[in-house]
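Here are my notes for you, as a numbered list. Have the model open while you read, and start with the pockets.

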Amino acid sequence: MSAPRRAAVLGSPIAHSLSPVLHRAAYAELGLDHWSYDRFEVDEAALPGFIEGLDASWAGLSLTMPLKRAIIPLLDEVSATAASVEAVNTVVFTEDGRRVGDNTDIPGMVAALRERGVDKVESAAVLGAGATASSALAALAVVCAGPVTAYVRSPERAAEMRGWGERLGVDVITADWADAAAALSAPLVIATTPAGATDAVTGSVPEAPGILFDVLYEPWPTRLAAAWSARGGAVVGGLDLLVHQALLQVEQMTGRVPAPLAAMRQAGEAALASR
């Protein structure tokens, strides 16, 4: 019998996380009966002690807020992708005991878009300027050929987004959140804001919208996503992102490629439907 292997998602709050559902579905499909995946409520203060307490049975960790930056000083190596946005959402423990950090949100975004046929757009708009927005800019460095307009609530946020753009090689133009309705005419719109934040602009969805990538998955659909679909526009949702980034985590932690995308998505949809 194979020795037990462990993985988990850490964050605070963590009770809502779908990661256990997705990873366990992958293990079941891959026949990895000796693998387990759990969730732990861990904040920034508790993180170092948690990491030090892990034994050799641990294969990897998924990290959500507020730990994506706090984990970096505790790692032996950080991938170029994660370093580009100063955010790690994946840690893999190597056989020789090293802790290697990566960011699967960025390639997960790119993969979710490509699954819907979006390989390249001429311009794009980003709603919001939080941690997810920087990952969105990194993904747009791959799929957007031209400028990205970021709609933000303060001059400080605007300066941050322009800074990320310079760092990531993206031509970022900033605009005031009061003008966010104008974002909806872009060929690709990425909404990175909390639930309800985009409700006020739903009446401004154009007659023939492009592609909307709304990173929320609960509640779903958002009012913006529903209005977009009603106009015939293509919508990529937060579950698409969640599944694609988790798929890459499973591959890195288990070494099994490809991970079972369809089984993971089905499990995620079932879990959300039951809530």
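**Notes on pockets, helix pairs and backbone**

1. The lining of the largest pocket divides into 19 nonpolar, 17 polar and seven charged residues (Ala, Val, Leu, Ile, Met, Phe, Trp, Tyr, Cys and Pro count as nonpolar, Asp, Glu, Lys and Arg as charged, and the others, Gly among them, as polar). A pocket here is an open set of points on a 1 Å grid over the protein atoms alone, where a 1.4 Å probe fits and protein lies on both sides within 12 Å along at least five of seven lines; lining residues have an atom within 4 Å of a point.

2. A word on the source: this is a predicted model, in which local features need pLDDT of at least 70 and side-chain atom pairs count only at pLDDT 80 or more, while totals for chains, interfaces and linings use all residues. Residues are numbered from 1 along each chain as its sequence is written, and side-chain values use heavy atoms, with hydrogens and water left out.

3. The volume of the largest pocket is about 1100 Å³ (the space filled by probe spheres set on the grid points, which are joined across faces, edges and corners). Its lining has 43 residues, and those nearest the centre are Thr64, Met65, Lys68, Asp105 and Thr132. Two or more lining residues come from each of β3 (58–63), α4 (105–115), α5 (131–143), α6 (155–168) and α8 (238–254); helices (H or I, at least four residues) and strands (E, at least two) are DSSP runs, numbered from the N terminus. The element that gives the most is α8, with five residues.

4. The second largest pocket has a volume of about 270 Å³. It is lined by 13 residues, with Asp55, Trp58, Phe93, Thr94 and Gly97 closest to its centre. By class, its lining holds six nonpolar, two polar and five charged residues.

5. How do α4 and α5 pack? Their axes are 8 Å apart, at an angle of about 55 degrees (axes are lines fitted to C-alpha atoms, for helices over the stretch in contact, and angles run from 0 to 180 degrees between N-to-C directions). The two helices are therefore oblique to each other (under 35 degrees counts as roughly parallel, over 145 as roughly antiparallel, 65 to 115 as roughly perpendicular and the rest as oblique). The crossing is right-handed, that is, the near helix is turned clockwise from the far one by less than a right angle. In α4, Asp105, Ile106, Met109, Val110, Leu113 and Arg114 meet Thr132, Ser135, Ala136, Ala138, Ala139, Val142 and Val143 of α5 (contact means heavy atoms within 4.5 Å). This contact has nine nonpolar, two polar and two charged residues.

6. Helices α1 (residues 19–30) and α9 (residues 261–273) have axes that come within 8 Å and cross at roughly 140 degrees, which makes α1 oblique to α9. Val21, Leu22, Ala25, Ala26 and Glu29 of α1 make the contact with Ala263, Met264, Ala267, Gly268 and Ala271 of α9. Its classes are eight nonpolar, one polar and one charged.

7. Please look at the backbone too: most residues other than glycine have a negative phi, and most peptide bonds are trans. The Trp220 to Pro221 bond is cis, with omega near -5 degrees, and Pro221 sits in the loop between β11 (211–214) and α7 (223–230). Val257 and Pro258 are also joined by a cis peptide bond, with omega about 0 degrees; Pro258 is in the loop between α8 and α9. Glu86 has a positive phi, near 50 degrees, in the loop between α3 (80–85) and β5 (90–93).
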